[in-house]
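Please read it alongside the sequence and the coordinates shown here.

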Amino acid sequence: MCRWKVTKGAVACSGPLSCLFSSSSSPSSSSSSSSPSSSSSSCVLLLLLLFLALSALPAASCHDGHRSTRSPRSPDNHNSSGASSATAVVGRHVRSYDHLQGDVRKRKLFSYQKFFLRIDKNGKVNGTKNDKDPFTIFEIKSVEVGIVAIRGLHSTNYLALTKKGTLYGAKEFGVDCMWTERIEENKYNTYASVEHKNKKKFMFVGLSVSGKPMRGKKTRRKNTATHFLPIPVDPQS
């Protein structure tokens, strides 16, 4: 440890650091006595520099130690939390409609007028109240997003609409057989022709109160005659 003494206006140092300051003093006593203020200033300056050097060392080591003890953020935890939050966001907008599930759905189309839509082997389209009629079973297949094809399972005819709005059964799939499927507010579905319109208005599949097919030009989305409930069918049927 270094001890400092003031002796007749001069600063003296004793201890391990005395060698640092012994060199700063003149070999002759005459020069030391002639400039005591200069010797004192040199010692004070050296002391200040030494204090600054020593005080900087603990701060750096403390900072390095703090940085080394910081645990790194786990990428797995970050990814898992991000994935869970994304799942939560997506989950808020998911809706499930059982009767619309599957690439090919086997269904009966039961109209709001209490008739089952049917297509016979000759391509005739009408409605029946006989729920055992095999021609009332359809395969509904997705063609594009929101667009389906409706094919009679036993008649093998596709539900189609002419340019004039007449429903018929087509042997081959074509533009007349493409339908926009939409769920209405009352939970029934409507089927609008993708290809044909009447003065820019959609034409729909519809059955009258007597079970006869309606002409597309007389159909409207809000008219319940165009509303159908897809009823699931036993896969073995």
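## Nonpolar cores

Within the largest nonpolar core, which has 18 residues, the members that touch the most other members are Leu109, Leu117, Ile150, Leu159, Trp179, Tyr191 and Val205. A nonpolar core is here a set of buried Ala, Val, Leu, Ile, Met, Phe, Trp, Tyr and Cys residues joined through side-chain atoms within 4.5 Å, where buried means under 20% relative accessible area, exposed over 50%, and partly exposed in between (1.4 Å probe, protein chains only). Two or more residues of this core come from each of strand E4 (116-119), strand E6 (137-144), strand E7 (147-152) and strand E8 (158-161); helices (H or I, at least four residues) and strands (E, at least two) are DSSP runs, numbered from the N terminus.

The model is predicted, so local features need pLDDT of at least 70 and side-chain atom pairs count only at pLDDT 80 or more, whereas totals for chains, interfaces and linings use all residues. Residues are numbered from 1 along each chain as its sequence is written, and side-chain values use heavy atoms, with hydrogens and water left out.

Leu117, when its neighbours within four places in sequence are left aside, is in contact (heavy atoms within 4.5 Å) with Leu109, Val125, Asn126, Phe135, Thr136, Phe138, Leu159, Val205, Leu207 and Phe228.

## Salt bridges

The structure holds 5 salt bridges, each defined as a side-chain nitrogen of Lys or Arg within 4 Å of a carboxyl oxygen of Asp or Glu. In one of them, Arg151 is paired with Glu139, and the closest N and O atoms are 3.2 Å apart. Arg151 belongs to strand E7 and Glu139 to strand E6, so this pair ties together parts that are 12 residues apart in sequence. Both partners are partly exposed, Arg151 with a relative accessible area of 24% and Glu139 with 22%.

Glu184 takes part in a salt bridge with Arg182 (3.6 Å, N to O) and in another with Arg221 (3.1 Å, N to O). The latter pair links distant parts of the chain, 37 residues apart, with Glu184 in the loop between strand E10 (179-183) and strand E11 (189-198) and Arg221 in the loop between strand E12 (201-204) and strand E13 (228-232). Through shared partners, salt bridges join Arg182, Glu184 and Arg221 into one network. Glu184 is buried at 8% relative accessibility, whereas Arg182 is partly exposed at 41% and Arg221 is partly exposed at 22%.

## Strand pairing around E11

Strands E10 and E11 run antiparallel and are joined by 5 bridges; two strands count as paired if DSSP finds at least two bridges between them. Arg182, a member of the salt-bridge network, has Thr190 in E11 as its bridge partner. The two strands form a hairpin with 5 residues between them, and Lys187 in the turn has a positive phi of about 75°.

On its other pairing, E11 is joined to E12 by 3 bridges, again in an antiparallel arrangement, and Ala192 has Phe204 in E12 as its bridge partner. This second hairpin has 2 residues between E11 and E12, with Lys199 in the turn at a positive phi of about 55°. Of the 10 residues of E11, 7 are buried, so the strand is largely enclosed by the rest of the structure.
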